[in-house]
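Hi everyone, thanks for coming. Let me put a model up on the screen and walk you through a part of it.

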Amino acid sequence: MSFIRKKLDEIRRPFEKGQKWEKFAPAINAFDTFLFVPNHTTHKGAHVRDAVDLKRTMITVVLALMPALVYGIYNTGYQHFIQLGGVFTFMDAFLHGAMKVVPMIIVSYVVGLSIEFAFAVYRGHEVNEGYLVTGLLIPMIMPVDIPLWMVAISVAFAVLIAKEAFGGTGMNILNPALTARAFAFFAYPTYMSGNKVWVSEATTLDGVSGETILGSLAAGQEVSYTTMDMFQGGIPGSIAETSALCIVVGALMLIATGVASWRIMVGGVIGASIMGFLFNLWGANALMQFDWFNHLVVGGFAFGIVFMATDPVSAAQTEKGKWVYGILVGIFCIMIRVFNPAYPEGVMLAILLMNVFAPTIDHYVVEANINRRKKRWAKAQLKTA
Amino acid sequence: MSKGLRIRRGATINLKGKAEKIIQESAPSSTYALLPDDFFALTPKMHLKEGAKVQAGTPVFYSKSNPRIQFVSPVSGTLKAIVRGAKRKILEVIIEANGTDAITHKVGNPQSMKREEIVALLLESGCWPFIRQRPYNVIADPEVTPKAIYISTYATAPLDVDFEFFLKDQLEQFQKGIDVLNQLTSTIYLATDQNYRDGFAKIENVNQIAVSGPHPAGNESIIIHHTNPLAMHEKVWTIRPEDVVNIGLLFETGQYAAQRTIAVAGSPVGKPHYIKTKIGAQIAPLCEMTQVDTQTNLRYINGDVLTGRQTQPQSHIGFYNNLLSIIPEGNQYRMFGWMPFKDSNIPSLSKTSFSWLFNSAKEVDTNLNGEERALVVTGEMEKVFPMDIYPMQLLKACMTGDIEKMEFLGIYEVIPEDFGLIDFANTSKIEAQEIIKNAMYLMLKEVG
């Protein structure tokens, strides 16, 4: 360990204060701090600090994403091979999926981190760890056959416009990963919807029936999957969104470690259930008749509410506000699904919409606190007068 | 007349090296010092020059904003040095101890004295700075009649002292001090530990509050907030338990006692225990008595590890603190320290560490355990801030210097110390106490 440390200190020397490459220190620091927690000590405020830092928090989210990612990779191959017909093993499916998904992840990280590093050097602050999560989320919510250059452009758009333009990590209004998806969705709609995009290499095959369930419902077709299929996840969809089971595992990890807000998740499920149930009672079309509990396991709802809606920066920041925010995300998600067949999946737009309204929700929660205080002041003044 | 107050949010950090319940009389220290930095927003003006002879109780310097508030020598001797820092700011006023001369004031029965007489005596004797005023935690304004005086004997900070233990033989003086304070205001609140019903719980002529719960339950701010919260333009005063005894002693003997019992605590302390000495005593002799190896790389803190001020063995004990915390410096690298659940021996309130599973006392150093980042994680500050105040929103208002918002979000009800646990626990390593302190300077300048 001390050997690596010595080597690192040697490499860092030109980046130290007053040296030639001082400006690029954030870049080298980003790598250094990944190997070692720095030897910085407290100088003001509390003399002792918690073991937790942003790196640890973000890595926890990355770990929680792993079950969904691994299953997503497998499912990519699985969907491909069942359309081909014939026999295949788990490994075949997994390798095929990895061939498709890993390049997307690499592109996302390379493009996104390059921009992050450039901004860190330009602004003279350290590289924030937030992109570790964002960079993984972006490929996970894309259709598998999207060209890599589109991934690159979406990433660049999200990082530049959704994040850095607002001042970087912690300042953004919209969730960057969802912004990337929304950008791709509206810029390249043919690659983001229809019945060909959800199965890898579907365009080269004949007679593919790779509609997502919500897509079929919107088109008024029969759905051939059971609730169990939808829960377990062997269905077409964006790469990592299909398996509610794996997402629940991730959700439990996030809740147990306290990294993501259980209030938002529970609120979302409540909101979506109520809305789905009300539509069931109405029952005017196929989407309305779709059982409310199926709404929870199908499409991107589970992934969105667990990994996207809980982004602490773009979500409501007060504990009461989180309940309201979560419930509204659930309600709007189902509402968009049912009322707007042009966008069969509503969770992306529901979360982005609520991202915009999260500060408003917080405003009313905080305002209530202020009013309590003002009332107390008025009472105190009355007493002394 | 006892009222219960149970605080739920917060965290008790269990550290190694808590002071054993032994009190040792300190050998007289060779030098004593007054540290103007102990007093928030004070500009000191010197009364005396270097080399002047002083008695115990001789005024040494006074407050520029109110010359009636003066700071007196805790011992008799010679004013040895006025240590100045940048811009000639006075850092330490060092007095070399010699002899036992003391100024004796004429005192009477507090119950038969007028309020102005008591105020004048406290100011003259040097006891006045014991009383601090909210908002801002500045030395009390003698012209003000506060709506209440708060005393908290429930100390919850890491390694903090047990007032019930070391003041158990001075309850009579404590009661006398309370009788004096009762002439200054209509209401005194005395917060005591729910589990001790013998010592302070027997004190009379106060509103008793039996407090329980984790840190910061013992902070005056929390107790004020939950019993009789501050409104705009209202003032309350606070005073530390041992200083109530000091006031009691003044009315008993007519002399400024300057008594200070110090618990020397922390993992590098060989024999952590209590030492009875005087305000401003030198730290090195205390280290020797408690078997601290001053040659090693240690952090000396006047106060607790969350809110105290860094000091050195050759420097002196602060004016208010009963605790001298000593912990190892943490200037070493830790490989892959960001991995969840690694290094669970470091205290952590986050569930990304197994620290919460082990309740045993932990060793802690001064490593930052990460780097400062933008605020990302939400909800963690509220967990350690048991007030009806939104701490993150308040901090953000302070960072932008939005005075109106700061007022409405509750700046008058807090002091930097209340944010100690937030400093400790927040993922982004935001310096919350520093932000609040700067905001208070701004408030003092703009609002007053």
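I'll talk about the domains of chain B and then about one of its sheets.

First, the ground rules. This is a predicted model, where local features need pLDDT of at least 70, side-chain atom pairs count only at pLDDT 80 or more, and totals for chains, interfaces and linings use all residues. Residues are numbered from 1 along each chain as its sequence is written, while chains are lettered from A and ligands numbered from 1 in the order in which they are written.

Chain B splits into domain 1 (2-22 + 112-253), domain 2 (31-97) and domain 3 (372-446), with bounds from an automatic or database domain assignment. Between domain 1 and domain 2 of chain B, the C-alpha centres are 26 Å apart. Where they meet, 10 residues of domain 1 of chain B contact 12 residues of domain 2 of chain B; contact means C-beta atoms, placed from the backbone, within 7 Å.

On the domain 1 side of that contact, helix 1 (115-125) and strand 11 (138-139) of chain B each give at least two residues. Helices (H or I, at least four residues) and strands (E, at least two) are DSSP runs, numbered from the N terminus.

Now the sheet. In chain B, three strands make an open, antiparallel sheet ordered 4-6-7; pairing needs at least two DSSP bridges between two strands. Strand 4 (44-46) and strand 7 (70-72) of chain B are the edges, each pairing on one side only. Strand 4 of chain B is joined to strand 6 (residues 59-63) of chain B by three bridges, and Pro44(B) sits opposite Ser63(B) of strand 6.

Definitions and conventions. Contact = placed C-beta atoms within 7 Å.
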